[in-house]
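Here is a short report for someone meeting this structure for the first time. Have the sequence and the 3D view open as you read.

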Amino acid sequence: MTEVRPMQAASASLWERDQEVAVVARAIDALCADQSSSGAVLVFQGEAGLGKTALLTRTRRLAEARGCTVWSARSGETLRSVPFNVVRQLLQPALVSLMPEEAREYLGDWYDIAGPALGIAEPSERPADPQGVCDGLVAAVRRLAKRDWPLVLLVDDAHWADQETLRFLAAFADRLHDLSVLVVVARRPGEMRGEGAPMLEAVTTSGHTISSLSALTPDAVAGLTRATLGEHADAPFCREVWAVTGGNPYETVELLAKVHDSELDPTESSAGELRALNRSARGGGLVARLEELGIDATRLAWAAAILGDGITVDLVARLATMSREDAERCADLLKASRILTAPDPATGSTGADALEFVHPLIATAVYNSIPDALRRAWHGVAAQVVTDSHLGAAAASRHLLQVHPDDDQELVEQLREAAREHLAVGAPDAARRCLERALVEPPLPEVHAHVLYELGCATLLTAPAKTIGHLQAALAMPGLDSAERVDAVFRLSQALLHNNQLEEAVRTVEAEAARHPDGPARMRLQAVQYMWEGIHAGESASPGRSERLVDLARTCTGRDNSERALLILRGFDAMSRGENAEEVVEVCDRTLVNGRLAPGLGWTDTEWGIELPMMLASSYAYTDRLDRAEALFTDALRTYESAGWSGGHLALAHAYLGLGHRRRGRLKEAEASLRESLRLAERVGRGLPLYWSATCNLVDTLLARGHVEEAWSVAERYGFGPPYPSTIVLPDPQSVRGRLLLAVGRTKEGINELEAAEKAAGTRGHHNPVMVPWVVDLARALAAEDPTRAARLATDARSQAERFGTDTAIGEALRCAAALETGQRAVRLAEQAVTYLETSPCQYEHAAARVEYGIAARSDAELRRGLALARSCGADGLVARAQQELGTGHHPV
């Protein structure tokens with residue numbers, strides 16, 4: 001316990017906080033000792049008034065005394081709807097010290113991504129990816145932190161932080177293992193609700209130290225009372241102070257200030273008056289005290305509460321419609337009454353007329369005391385003040401959200417503009433709130449459908465279920481023109497897809513296509529229908545789909561994107577069905593413009609989405625045109641990184657680039673890309689198609705490397721097993737899981753899984769033996785117990801491979817046939833497999849064929865060539881097998 005020292009004017013909030021201050025001091029010592037050490041998070045939590053802010057103030061002083069750079073920010077209860085509010089406060093000192101060109105140099109590629117959210121760069125016309133913006137903010141702070149080490153970040157009242165800031169804090173705290181920064185957070189427990197709650201909990205649980213503050217003991221209150229009022233304060237009076245305040249430091253200070261102002265004698269005879277004094281210092285008593293200062297002072301306090309932050313005498317005077325002189329006089333009254341105060345220059349605004357509330361409890365009490373109608377009206381005036389200051393619709397939207405609905409079409413347009421500005425900086429939740437409020441106004445009938453459509457677009461990636469309702473409502477109303485309606489149907493089908501309602505997505509697009517005459521709109525809708533059917537793993541494809549695609553593609557020259565989309569779909573369908581690979585490539589090539597994706601079909605274009613270019617690149621990947629596939633996958637990665645799209649799109653780009661590396665035989669590079677994909681996919685959410693793509697390809701790559709135990713561990717950790725997703729994953733996950741089960745010795749289960757893959761492939765008409773490789777693995781697995789069936793499967797595999805016609809497919813079928821034979825027939829088949837695979841771009845399969853041929857032919861020369869290839873691929877299991885054979889008497893080294 002803190003020693004009670006008479007007449008010591010100590011802060012009540014730091015009495016009995018020696019342990020917390022010591023934790024802070026040790027953390028600062030560790031920070032300053034070694035720039036290469038890991039960062040740390042300290043969390044102080046407690047109810048209102050227990051001294052969290054005072055601890056942060058002490059932390060600042062201790063840090064600055066050690067030469068640390070300190071950035072601080074404070075959330076506000078009325079500011080939760082302001083995106084990036086707290087993170088902007090945090091970075092303000094660093095940003096103010098930089099010239100624009102310096103900021104661009106420090107932030108590098110992240111400048112155009114994070115800059116708009118920080119208010120230092122103009123946003124692009126396209127909505128920003130929230131995850132990309134978050135990553136950009138983390139990168140910005142990491143780079144600035146290295147310049148300003150040792151750096152301490154202070155966040156007060158984090159329970160009121162905006163959602164975008166909480167996302168940043170959670171991501172930043174998770175990456176402190178390699179960055180020496182001290183983050184100190186103060187919060188109330190249980191205050192946060194909604195989507196921000198898990199983010200705040202992630203910050204809290206990442207804390208190296210979490211201190212839950214408690215109220216002061218009677219001894220501490222007695223010491224504080226005597227330090228404030230004098231040693232003559234007697235014990236009964238001190239005990240009553242504690243009983244009245246419950247030991248809450250803030251309430252204790254306020255009560256003792258009232259005792260001092262009223263010149264009450266601190267003795268037992270006066271103790272009975274303490275409860276009345278305490279009531280006047282809080283809640284309704286505070287409001288009554290405010291009213292005693294007069295109507296002008298009350299109006300000024302109300303205006304300050306409406307503004308919430310950035311409070312100045314000039315602004316509150318404009319909002320309260322009073323002269324500058326009257327505003328200054330009222331501000332002085334409110335300061336004397338401990339309602340307003342000048343900000344600490346170290347933590348807030350430094351302007352001569354800047355103001356802030358003494359405590360958040362006071363700000364809340366004053367705000368809640370404003371009559372509802374007046375409060376809503378003043379928010380409208382505040383929005384106009386912000387707009388007149390040329391700060392933009394987004395800055396005014398916090399106030400617009402609070403205005404009473406009044407059929408105001410100008411307000412509807414302001415909220416729509418604010419939503420566009422929020423989307424441009426990566427704050428879709430803020431955009432959603434604006435558009436939902438616009439609907440309450442309500443909009444005019446001819447505008448209503450447009451607002452619903454914009455709301456559906458804003459929530460597409462964050463709330464698919466809500467998006468479905470918004471877009472269905474928009475489509476049920478008049479107002480959308482033909483192009484907008486088609487786009488709304490496409491986005492609705494995307495939302496249904498993301499909500500695991502793929503069959504409904506297909507039916508929705510099909511029904512809308514039937515409403516349109518022949519032309520571009522109908523062709524686009526048909527292409528979308530075929531696209532969703534093409535990636536569906538079930539049986540929802542309409543009868544004759546492949547035949548209709550053949551007919552449509554026959555007349556398409558690729559003159560516009562609707563035709564190009566149909567050609568991509570035809571190529572992917574033909575590739576999946578195992579039709580002639582040369583014809584598949586010819587169809588795919590017609591979709592390109594000078595060898596590149598056509599404008600409007602790019603990776604970040606929203607008219608068609610990511611699925612079409614992924615299907616195109618996949619068609620090339622499985623027809624042995626890996627140069628073209630890799631060029632497209634690499635382009636996707638670069639495009640998403642430069643655009644700051646670091647959510648699901650970037651996860652898919654890494655997954656498919658990993659697929660390209662795997663097909664090439666660059667197994668180490670494939671593993672690295674796929675692990676990065678899985679890391680990104682974890683942030684988006686498990687169970688999504690992109691998650692399956694990352695996991696399936698990683699398991700497949702690890703098996704190729706010979707890392708069977710690690711492949712099994714990944715499968716177990718990430719749920720790689722039935723039930724499988726409703727969308728197609730490449731390569732086929734059932735085939736890969738069957739191979740995994742065989743590799744770990746669970747032969748019967750592996751055979752069952754491969755037979756299930758056989759049935760599913762037959763249902764879908766997928767006969768590409770490379771994309772759905774169940775047949776060769778099942779043939780090998782059945783070789784001992786059912787050689788007749790195994791031989792039949794091998795024959796079927798070769799027939800399918802020759803129909804498809806790629807060197808890889810034929811070589812793999814020959815490898816399978818060789819594995820089922822003995823003697824010279826096995827040697828001849830193995831040699832033929834090598835002949836085909838040495839001209840294939842798939843080097844791992846070539847290496848495996850060389851090793852198997854070397855074993856069958858008892859040739860150490862072939863084994864050595866296979867060993868060299870296996871080493872270049874990173875196929876450790878194949879290397880070990882070749883070395884073992886070379887080390888036997890059959891193949892002397």
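Buried means under 20% relative accessible area, exposed means over 50%, and partly exposed lies in between. The model is predicted.

Start with helix α25, residues 502–514. This helix has 13 residues. From first C-alpha to last it reaches 19 Å, close to the 18 Å expected at 1.5 Å a residue. Its buried residues are Leu-502, Ala-505, Val-506, Thr-508, Val-509, Glu-512 and Ala-513. Where do the buried residues fall, seen down the axis of α25? They fall within an arc of 165°, so they line one face of the helix. The buried residues of α25 pack against α24 (482–498) and α26 (520–535).

**The nonpolar cores**

In soluble globular proteins, nonpolar side chains tend to be buried together. The largest nonpolar core here has 159 residues. Trp-532, Val-699 and Trp-774 have the most contacts inside it. Which helix gives the most to this core? Helix α34, residues 689–705, does, with nine residues. A second, separate core has 51 residues. Val-138, Ala-173, Val-183 and Ala-430 are included in that second core.

Val-699 deserves a look of its own. Leaving aside residues up to four places away in sequence, Val-699 touches Ala-711, Val-714, Ala-715, Phe-720, Val-736 and Leu-740.

**An annotated domain**

UniProt, in an unreviewed entry, places the feature "domain: Orc1-like AAA ATPase" at residues 16–184. In the model, the end C-alpha atoms of residues 16–184 lie 19 Å apart. The span is 52% helix and 13% strand.

**Salt bridges**

How many salt bridges does a search of the whole structure find? The search finds 61. The table lists some of them.

| Pair | N to O distance |
|---|---|
| Arg-104 and Asp-112 | 3.5 Å |
| Glu-676 and Arg-679 | 2.8 Å |
| Asp-876 and Arg-705 | 3.3 Å |

Take Arg-104 and Asp-112 to begin with. Arg-104 counts as partly exposed, at 41% relative accessibility. Asp-112 is also partly exposed, at 48%.

Now turn to Glu-676 and Arg-679. Both lie in helix α33 (residues 667–684), three residues apart, about one turn of the helix. An α-helix has 3.6 residues a turn, so residues three or four places apart point the same way. Glu-676 is partly exposed at 25% relative accessibility. Arg-679 is partly exposed too, with a relative accessible area of 38%.

Next comes the salt bridge between the side chains of Asp-876 and Arg-705. Arg-705 is buried, because its relative accessible area of 8% is under the 20% limit.

Some salt bridges share partners. They join Arg-662, Asp-700, Arg-739, Asp-777 and Glu-845 into one network.

**Backbone exceptions**

Most residues other than glycine have a negative phi, and most peptide bonds are trans. Some places in this model depart from that pattern.

A cis peptide bond joins Glu-441 and Pro-442, with omega about -5°. Pro-442 is in the loop between α21 (428–440) and α22 (445–458). Another cis peptide bond joins Leu-730 and Pro-731, with omega about -10°. Pro-731 lies in the loop between α35 (708–717) and α36 (733–743).

Positive phi values also occur. Glu-16 is not a glycine, yet its phi is about 60°. This residue lies in the segment before α1 (18–33). Glu-16 is buried, with a relative accessible area of 17%. Asp-624, likewise a residue other than glycine, has a phi near 65°. Asp-624 is found in the loop between α30 (611–621) and α31 (626–643). At 14% relative accessibility, Asp-624 counts as buried.

Definitions and conventions
Residues numbered from 1 in each chain as written. Predicted model: local features only at pLDDT ≥ 70, side-chain atom pairs only at ≥ 80, totals over all residues. Heavy atoms only, no water. UniProt positions renumbered as here; feature names shortened; annotations may be inferred. Helix = DSSP H or I, 4+ residues; strand = E, 2+ residues; numbered from the N terminus. Core = buried A, V, L, I, M, F, W, Y, C linked by side-chain atoms within 4.5 Å. Buried < 20%, exposed > 50% of the residue type's maximum accessible area, 1.4 Å probe, protein only. Contact = heavy atoms within 4.5 Å. Salt bridge = Lys/Arg side-chain N within 4 Å of Asp/Glu carboxyl O. Expected span 1.5 Å × (residues − 1). Arc of directions from axis to C-beta.
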